[in-house]
Amino acid sequence: TEETLVLVKPDGVARGLTGAILARIEAKGYALVDIALVEPERDTLERHYAEHAGKPFYEPLLEFMMSGPSVAIRLAGNRVIEGFRSLAGTTDPTTAAPGTIRGDFGRDWGLAVQQNLVHGSDSPESAARELEIWFG
Ligand code: ATP
């Protein structure tokens, strides 16, 4: 088994989609090991998004991630890192496939790439790093 960090980002929480997203995660059979409503400090987000520092979307992304609470989930399952990213769909909801979280719930509007509802770690190394940042 494997663990990953999933975030329901502020847009997902604000739109009342936490339950719908959790339902898909649970239906897949993944285990909720830990779950918390969090309002991250800037420092936490700088660590989480370190690879994007300096990119044009970096500051707006941090502002967005501080705009309201997120739900942080420590999720376990067989190949859950790849599996959750498959459930989430591609980064840009405007082109994410139907049947995925971003494809079904993501809005087709200007900020869609930023406000794409969820985050999932992209590798075992990222998962270990991100779980330490969000859950210690
Ligand atoms: P995540 O890591 O959040 O699961 P991802 O791996 O699909 O998403 P990354 O390329 O790591 O996407 O980007 C991290 C986050 O930064 C995206 O989820 C999105 O919120 C934001 N982002 C990425 N690219 C852009 C962009 N071009 N414009 C605005 N926001 C972006």
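This is a predicted model: local features need pLDDT of at least 70, side-chain atom pairs count only at pLDDT 80 or more; totals for chains, interfaces and linings use all residues.
Guide: Helices here are DSSP runs of H or I with at least four residues, and strands are runs of E with at least two.

Visitor: Why is T91 called partly exposed?

Guide: A residue is buried with 20 or more other C-beta atoms within 10 Å, exposed with 12 or fewer, and partly exposed in between. T91 has 14 such neighbours, so it counts as partly exposed.

Visitor: What makes V113 and N116 contacts of T91?

Guide: Two residues are in contact if their C-beta atoms lie within 7 Å. Leaving out residues up to four places away in sequence, T91 touches V113 and N116. T91, V113 and N116 also belong to the residues around the ligand, among them F57, L61 and H119.

Visitor: How many nonpolar, polar and charged residues does the shell around the ligand have?

Guide: The shell has three nonpolar, five polar and one charged residues. Gly counts as polar and Asp as charged, and the residues around the ligand include G120 and D122.

Visitor: Where does UniProt place the feature "binding site"?

Guide: The unreviewed UniProt entry gives K9, F57, R85, T91, R102 and N116. Such annotations may be inferred rather than shown by experiment. Another UniProt annotation, also from an unreviewed entry, is "domain: Nucleoside diphosphate kinase-like", which covers residues 1-136.

Visitor: Why is K9 called buried?

Guide: The cut-off for buried is 20 or more. K9 has 22 other C-beta atoms within 10 Å, so it is buried. K9 sits in the loop between β1 (2-8) and α1 (10-14), and touches M65, S70, L117, V118 and H119 when residues up to four places away in sequence are not counted.

Visitor: And S123, why is it called exposed?

Guide: Exposed means 12 or fewer neighbours. S123 has 11 C-beta neighbours inside 10 Å, so it counts as exposed. S123 is in the loop between β4 (118-120) and α7 (124-135). In space S123 lies 8.5 Å from T4, C-alpha to C-alpha, although the two are 119 residues apart in sequence.

Visitor: What is the strand order of the open sheet?

Guide: The order of the four strands is β2-β3-β1-β4, with antiparallel pairing. From one strand to the next, the twist averages 15°.

Visitor: What makes β2 and β4 edge strands?

Guide: Each of them pairs on one side only. Strands count as paired if DSSP finds at least two bridges between them. β2 pairs with β3 (residues 70-77) over seven bridges, with A31 opposite A76 in β3. β4 is joined to β1 by three bridges, and V8 has V118 in β4 as its bridge partner. Both bridge counts meet the cut-off of at least two, so both count as pairs.

Visitor: How do you know that β1 and β3 pair?

Guide: Seven bridges run between β1 and β3, in the antiparallel sense, and the cut-off is at least two, so they count as a pair. T4 stands opposite L75 in β3.

Visitor: What makes β1 largely enclosed?

Guide: Six of its seven residues are buried, so β1 is largely enclosed by the rest of the structure. Helix α5 lies across β1, β3 and β4 and runs at about 30° to β1.

Visitor: What is the phi of R79, and what is the phi of L117?

Guide: R79 has a positive phi of about 55°, and phi of L117 is near 75°. Neither residue is a glycine. Most residues other than glycine have a negative phi.

Visitor: Are R79 and L117 buried or exposed?

Guide: R79, in the loop between β3 and α5, has 11 C-beta neighbours inside 10 Å and so counts as exposed. L117, in the loop between α6 and β4, has 27 and so counts as buried.

Visitor: Lastly, why is L62 called partly exposed?

Guide: L62 is in helix α4 (residues 58-65). With 18 other C-beta atoms within 10 Å, L62 is partly exposed, because its count falls between the two cut-offs, 12 or fewer and 20 or more. Beyond its neighbours within four places in sequence, L62 is in contact with R42, L45 and Y49.

Notes: Residues are numbered from 1 along each chain as its sequence is written. A residue is near a molecule or strand if its C-beta atom, placed from the backbone, lies within 6 Å of it. Axes are lines fitted to C-alpha atoms, for helices over the stretch in contact, and angles run from 0 to 180 degrees between N-to-C directions.
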